[in-house]
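Colleague: I am new to reading models like this one. Please take me through it with a few questions and answers.

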Amino acid sequence: MEIESRSVEFIPENERYGSPKRLFTIWCSANMQVTTMVIGALGVVAGLNLGWTVVGLILGNLIGSIFMAAHSAQGPHLGIPQMIQSRAQFGVVGAGLPLAIVVLAYILFTAANGVVMRDSIKAVVPVSDNDAIILFGVLTLIVGYVGYELIHRIGVWMSAISSIIFALAAYTVLKHGLPDGVWQLTGSTFKFAIFCLVVTQAASWTLGAGPYVADYSRYLPTSTATRSTFWYSYLGIVVGSSVVMLLGAVMATAALDVISDPGSAIAKLFPGYEKIAYIVIIIGVLEWNVMNLYSSYMSTTTIFTGFKGTARIGKLAKFLIMAVVAVIVTWIAIAAQYNFSAYFSDILIGQVYVLVPWSAINLADYYWIRKGRYSVVAMYDVNGIYGKVNWNTLCIYALAVVVQIPFMELSFYKGPIAHLVGTDISWLPALVVPGVLYYLVNRNKQLHLTPFESTPSIAASVRPLKRA
């Protein structure tokens, strides 16, 4: 298989291929892995019963996935990575701010995956804690460097294999039974604060894919219907994440250690076949980790190419940038591995504060203001129509972060509204405030849409949004 030669540049029509159906397999398989299972267990560990935890997880997934899938639909239409499109809102150079935050968020998540997989790797290969994390980082770098097509092919196979593993695991746990009353939805079993936290954590997981989801749909032909791209992406992440989160909640209710070592919690359900189970588990998390690294590279490259208007990156530069990111990720994972619970909870909630306002601005611009009509050429031109820095958008973004402060709850801070409600609900103002403000400030742009491009290789990506 050839190493992907494209990176942050526009994908011309003659290189487009594939079906939107592969979006279901990549998002289903990427979420059908044990890191997702940890999120499902958090509510039960915090004291909510299984019945209400299941309701909260499903609700959070259904809500958060709407915005993720709406971003995915941009990929075939524009043919560029997700964060390049942010230059239309923030300016070619100004987009560097949300891009830097996105890179940081995915570096932290990639590091978290390394910690989660440490003991699983040690169960397969006799290495130390640090060496296990390093080995996982090296595997992530290799697959990420090969790129787009390999990631999608892994997704197809892992959708089937992971489904079998997790279905058998669920059967085994449920066969032994659960404590009485865990499904009860009446009486004193409902704890509002923890329920809201469960919804926030589940929604945060799916919302977190927004800044890079179009990276995996941008090779689809421009004739791909927006509706198809949306629904295959939506159903993929809803099915994959919901099923595994629910399994995590069930296993936590059965008093299995899902938080500290989720890989072993699954593998030990298959006595005599533990090593095979470990390998499947490692590949499942590896796929998600590769996607984080691949898109961290995309976002990092987008930051630096914005200053010079560069539209193409060579394979050597690609490898070096990915390698630097992989080294940073591995260092963080090694440093945080023995304080993982607080670390993971903070980054899961913390990403809401910075990624959700970006998502609201991006979607408001794409669907309400410009209706999918952009100049792709101008997104690579520092002196083009989108300008170097859009200060209005940056101010809206900054205000959206500030507005969330009273709603925030982290291991080291709890805002007044979080105190009142009992938990963090910052994702609600993070979605509403920047989206509404951006629309009010820019609504007149509906009368000044970017003229249709005449360049043949770009024209297909700037036409009005295809609805059906």
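Colleague: Leaving aside neighbours within four places in sequence, with which residues is Leu135 in contact?

Modeller: First, this is a predicted model, in which local features need pLDDT of at least 70, side-chain atom pairs count only at pLDDT 80 or more, and totals for chains, interfaces and linings use all residues. Residues are numbered from 1 along each chain as its sequence is written, and side-chain values use heavy atoms, with hydrogens and water left out. Contact means heavy atoms within 4.5 Å. With neighbours within four places set aside, the residues in contact with Leu135 are Ile121 and Val125.

Colleague: Is Leu135 buried, partly exposed or exposed?

Modeller: Leu135 is found in helix α7 (residues 129-146); helices are DSSP runs of H or I with at least four residues, strands are runs of E with at least two, and both are numbered from the N terminus. Buried means under 20% relative accessible area, exposed means over 50%, and partly exposed lies in between, using a 1.4 Å probe and protein chains only. Leu135 has a relative accessible area of 32%, so Leu135 is partly exposed.

Colleague: What is the relative accessible area of Arg118?

Modeller: Arg118 lies in helix α6 (residues 96-124). Not counting residues up to four places away in sequence, Arg118 touches Asp129, Ala132, Ile133, Gln337 and Tyr338. Arg118 is buried, and its relative accessible area is 11%.

Colleague: How are α1 and α8 oriented to each other?

Modeller: The axes are lines fitted to C-alpha atoms, for helices over the stretch in contact, and angles run from 0 to 180 degrees between N-to-C directions. Angles under 35 degrees count as roughly parallel, over 145 as roughly antiparallel, 65 to 115 as roughly perpendicular and the rest as oblique. The axes of helix α1 (residues 21-31) and helix α8 (residues 148-175) come within 8 Å and cross at roughly 75°. Therefore α1 and α8 are roughly perpendicular.

Colleague: How many helices and strands does the protein have, and what share of its residues count as buried?

Modeller: The protein has 18 helices and two strands. Of its 468 residues, the share that count as buried is 62%.
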